[in-house]
Amino acid sequence: MLLVTWAVFARYVLNDPILGDTELVKMGMALVVMMAMPYAAWQGAHIRVDILDGKLGERGRFVADVFARVVSIFVLYLLITKTYDKAWDAWEYEDVTNMIEIPVWVPYTAITVGMGLFGLVLLWQLVAQFRRGVRGYE
């Protein structure tokens with residue numbers, strides 16, 4: 001936020017733009033979001049909409065959560081394979097950003113790692129869910 005604020009001030013008030021500020025913000029946001037997702041899932045800080053929970057009952061909520069976690073793990077697996085391939089290609093071809101030539105494999109790797117950690121958290125939650133069982137499931 002400070003970088004964006006200073007970049008806007010420098011560009012329009014001082015007439016001295018910061019080279020590569022957009023690249024730094026985009027990469028920084030990718031890092032922040034992808035590393036925050038597994039942490040938020042681990043802490044249970046995600047947003048959850050419980051529209052049908054009251055009507056589903058314990059067993060329905062249990063099954064719905066199992067379904068959501070399994071589908072999420074599968075989708076994350078697909079995304080991880082694609083971002084891993086993209087990171088490897090960026091490394092192999094030495095891709096860099098346009099303005100300040102930051103290696104592109106760095107954010108792709110961070111995205112891959114973040115999604116991998118998120119998938120592990122979901123897998124751990126799935127195992128813990130089955131250990132607890134349906135009785136008294138919230």
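Student: How many aromatic pairs does the structure hold?
Tutor: Four aromatic pairs. Bear in mind that this is a predicted model.

Student: What about the rings of Phe62 and Phe130, how are they arranged?
Tutor: Their centres are 5.5 Å apart and the planes sit at 85°, so that pair is edge-to-face.

Student: And where do those two sit?
Tutor: Phe62 is in helix H3 (residues 53–92) and Phe130 is in helix H4, so the pair ties together parts 68 residues apart in sequence.

Student: Phe62, buried or exposed?
Tutor: Buried, because its relative accessibility is 7%, under the 20% cut-off.

Student: Which polar side chain does the backbone oxygen of Phe62 lie 2.9 Å from?
Tutor: That of Gln129: one of its polar side-chain atoms is 2.9 Å from the oxygen. Gln129 belongs to helix H4 and is buried, at 0% relative accessible area.

Student: OK, Trp91 and Trp105 next. What kind of pair do they form?
Tutor: An edge-to-face one, with 5.0 Å centre to centre and 80° between the planes. Trp91 is in H3 and Trp105 in H4, so this pair ties together parts 14 residues apart in sequence.

Student: How accessible are Trp91 and Trp105?
Tutor: Trp91 is partly exposed at 48% relative accessible area, and Trp105 is partly exposed at 28%.

Student: Switching to helices: at what angle do H2 and H4 pack?
Tutor: About 10°, with the axes of H2 (residues 21–43) and H4 (residues 105–132) 8 Å apart. They are therefore roughly parallel.

Student: Which residues make that contact?
Tutor: Met27, Leu31 and Trp42 are among those from H2, and H4 brings residues including Ile111, Phe118 and Trp124. By class, the contact has 18 nonpolar, two polar and no charged residues.

Methods. Residues numbered from 1 in each chain as written. Predicted model: local features only at pLDDT ≥ 70, side-chain atom pairs only at ≥ 80, totals over all residues. Heavy atoms only, no water. Axes fitted to C-alpha atoms, helices over the stretch in contact; angles between N-to-C directions. Helix = DSSP H or I, 4+ residues; strand = E, 2+ residues; numbered from the N terminus. Parallel < 35°, antiparallel > 145°, perpendicular 65-115°, else oblique. Contact = heavy atoms within 4.5 Å. Nonpolar A, V, L, I, M, F, W, Y, C, P; charged D, E, K, R; others polar. Buried < 20%, exposed > 50% of the residue type's maximum accessible area, 1.4 Å probe, protein only. Polar contact = N/O pair within 3.5 Å; in protein donor to acceptor, adjacent residues only side chain to side chain. Phe/Tyr/Trp six-rings, centres within 6.5 Å; stacked < 30°, edge-to-face > 60°.
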